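This report describes the architecture of one chain and the two interfaces in which its parts take part. The sequence and the model are shown below.

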Amino acid sequence: MDLITPNIGLAFWTLLVFMLLLFILTKFAWKPILGAVKAREKNISESLELAVKTKAEMAALHAQNENLLKETLAQRDEIVRDAKETATKMVEDAKSVSKIEAEKIIISARQAIEAEKASAISEIRSQVADLSVQIAEKIIRKELSSDDKQKALASDLAQDINLN
Amino acid sequence: MVLKNAIKSIVLSVMTLFSVTVAHAGHGAKEEAEFQVVETIMHHIKDAHEWHVLGDITFNLPIILLDNGIKSFSSAEFYHGVVKTDSITGNHYTVATGKGLGYAMFHEKIYKTDANGELRFEKDHVKNAKPYDFSITKNTTSLLMGSIIILLIMFSTAKFYKKNGAIAPRGIAGFIEPLIIFVRDDIAKDSIDIHKYHRFVPYLLTIFFFILINNITGLIPLFGANLTGNIAVTVVLASLTLLVTVFSGNKNYWRHIFATPGVPVPLLIIMMPIEVIGIFTKPFALTVRLFANITAGHIIILSLISIIFINKSAAWGFLSVPMALFISVLEILVAFLQAYLFTMLSALFIGAAVEEAH
C-alpha cells in the first residue's frame, strides 16, 4: 500500500521543481532553440527555393543564349550571303562595264582601221593611177614608135569601140 | 563477517541502482541469518530520508516537517536516534533525538510520538498522528539533481545556437536537437491541430526531458533513485497533463463529453458519466504506466542481483550479473520509451481537447 500512496512532500517538490523547470526552460531554452531551429529551417527552405529559381533562371538564360546564338548564326549566314551576292554583282557589273569599254575600244579601233584602210586604199589608188599613167605612157610611146603599130592600134581600138 | 558485508554492499551498490543497507544498526544479527529479499527490494524502490551511497558512506538529508510551523533538522537525528521495539508487535522504530525530539520514524514514515515518546501499533500500522512531511528526501534530491542536469544540457544547447547562429548542430546540440525536433514534429505536430500545437510544445518538451533524464539518472548505479517510479511524481505529472487538457478544451471537446452529437438522449444519460470518468482515466493510466514500468525495471534488476545473496554464493554472479546487465540495457530503452509514451499520450489528449468540429 505504501508504494502506491503518493507522498505529499514529494508531490509538492515535484510540482514546484517541474513548474520552475517549465518556466525557465521555456524562457531560456525552448524559445531560443526552437527559434534557431526554425530560422535554420526557413533559411534552408529559402535556399532550396532560391536554388530552384536559379536553376530555372539558368535554364532560361541558356535558352536565351541558344536563341542568341541561332540568331547570330542566321545573321552571319545572311551577311555572308549578302556579301557573296554583292561580290557576284560587283564582278558582273565590272564585267559588263569592261565589256562595254572593250566594245567601245573595238568599235573605235575598227573605225580607225576603216579610216586607215580607206586612206591607204585611196593612196594605193592614186599611186596605181600614177603607175598606170606612166605604164600607159611607156606603152603608148612604144606602140606609137612606128606607123604600122599606130595603124594596128587604131584598128584595134576601132574594133573595141564597135563591139561596145 | 565484516569483509563479507562490505563485499555484499559493494556488489549490490555497483550492480544495482543504489546501495543496500543489509545490516541495520541494532538488528544486524537477525538480517545476517536470512537475506530478506522482499524487504531489501522494497527498501530500494521506496523513498528514504538519507542517501546511502556505498558501505558506510551515507548522506543525511534535511527533514522538513509542517506541524504547527516549519520544523527542520537533519535526518541523522532519526538514523542515529534511539531504536525502540514495540512490546506487543515487535516492530522496531527509531525515535529522534536533539532537534527532532517528539518524532519517530517507522519504515521511512515520520510520526509524532505520544506522551511517553513511543509509537502505538495496531498490527503493522502506526496509530500515531503524522506531520506533513516535506523533507528533502532521496527522491527530492534526485529530482533536484536531475533538474540541474536538464538545465545544464539545455542551457549549453541554447548557448550553442546563441553563439553560432542557425547552423547545423554540433556537439551537445547535435544530440539534443533531434530529440527536440522529434517532440515538436512527431509528437506535437502530428497529434495536435497544426495551428495550435506551438502553444503546447514547451510543455511537451519539458515533460519529455523531465521523464527521460530522471528515468536515466534512476538507472545510474549508486546514485540512482527510483524517482519516476514513485507514484507521487507520476501523479503530479499526469495531473498537469489533465489540467492542460481540461483548461485548453474547447466547446467541441466539452460537447463531445456532455452531449455527444448524434447520440439519442436516453443513451446520453449513460454516455455522459462514462465520458466524464474518461477524463480522469486517461491521466490515471499515465500515472500507473510510468510508475509501474520504472518500478518494475528496478525490481527486476534488484531481484536478479539478489539471487547471489539468496543463494549465498558469488558464483551465482555469473548468472545474475549478465542478466542484470541485459535488463539494465533494456531499461535504457524503457527510459526512452516511457518518456515518449507519456509525452505522446499527453499530446494526444491535448490534441483531442483542442480539435475543431468537422
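Chain B contains 11 helices and 11 strands. The structure is a predicted model. Along the principal axes, the C-alpha atoms of chain B occupy a box of roughly 70 × 55 × 40 Å. Chain B has 358 residues, of which 48% count as buried. Among its contacts between residues at least 6 apart in sequence, 62% join residues at least 24 apart.

**Domains of chain B**

Two domains are assigned in chain B: domain 1 comprises 7-22 + 34-135, and domain 2 comprises 139-354. Taken over C-alpha atoms, the centres of domain 1 and domain 2 of chain B are 30 Å apart. At their interface, 21 residues of domain 1 of chain B are in contact with 27 residues of domain 2 of chain B.

Three elements of chain B each give two or more residues to the side of domain 1 that touches domain 2: α1 (2-15), α3 (37-45) and β1 (50-54). The largest share of that side, 6 residues, comes from α1(B). By class, the side of domain 1 of chain B that touches domain 2 has 14 nonpolar, 5 polar and 2 charged residues.

**Interface of chain A and chain B**

The contact between the chains takes 33 residues from chain A and 53 residues from chain B. On the chain A side, A:L3, A:F18 and A:W30 lose the most area to chain B, together 19% of what that side buries.

The rule finds 2 salt bridges across the interface of chain A and chain B. A salt bridge joins the side chains of B:E177 and A:R40, at 2.6 Å from N to O. Between chain A and chain B, 6 residue pairs are in polar contact, with both residues at pLDDT 80 or more. The side of chain A that touches chain B has 24 nonpolar, 5 polar and 4 charged residues.

**Buried areas**

The size of an interface is often given as the accessible area lost when the parts come together. The table lists this value for both interfaces.

| Interface | Buried area | Share on carbon and sulfur atoms |
|---|---|---|
| Domain 1 of chain B and domain 2 of chain B | about 2200 Å² | 73% |
| Chain A and chain B | about 3600 Å² | 81% |

Key: Residues numbered from 1 in each chain as written. Chains lettered and ligands numbered in written order. Heavy atoms only, no water. Domains from an automatic or database assignment. Contact = heavy atoms within 4.5 Å. Buried area = accessible area lost by both parts, 1.4 Å probe. Helix = DSSP H or I, 4+ residues; strand = E, 2+ residues; numbered from the N terminus. Nonpolar A, V, L, I, M, F, W, Y, C, P; charged D, E, K, R; others polar. Buried < 20%, exposed > 50% of the residue type's maximum accessible area, 1.4 Å probe, protein only. Salt bridge = Lys/Arg side-chain N within 4 Å of Asp/Glu carboxyl O. Polar contact = N/O pair within 3.5 Å; in protein donor to acceptor, adjacent residues only side chain to side chain.
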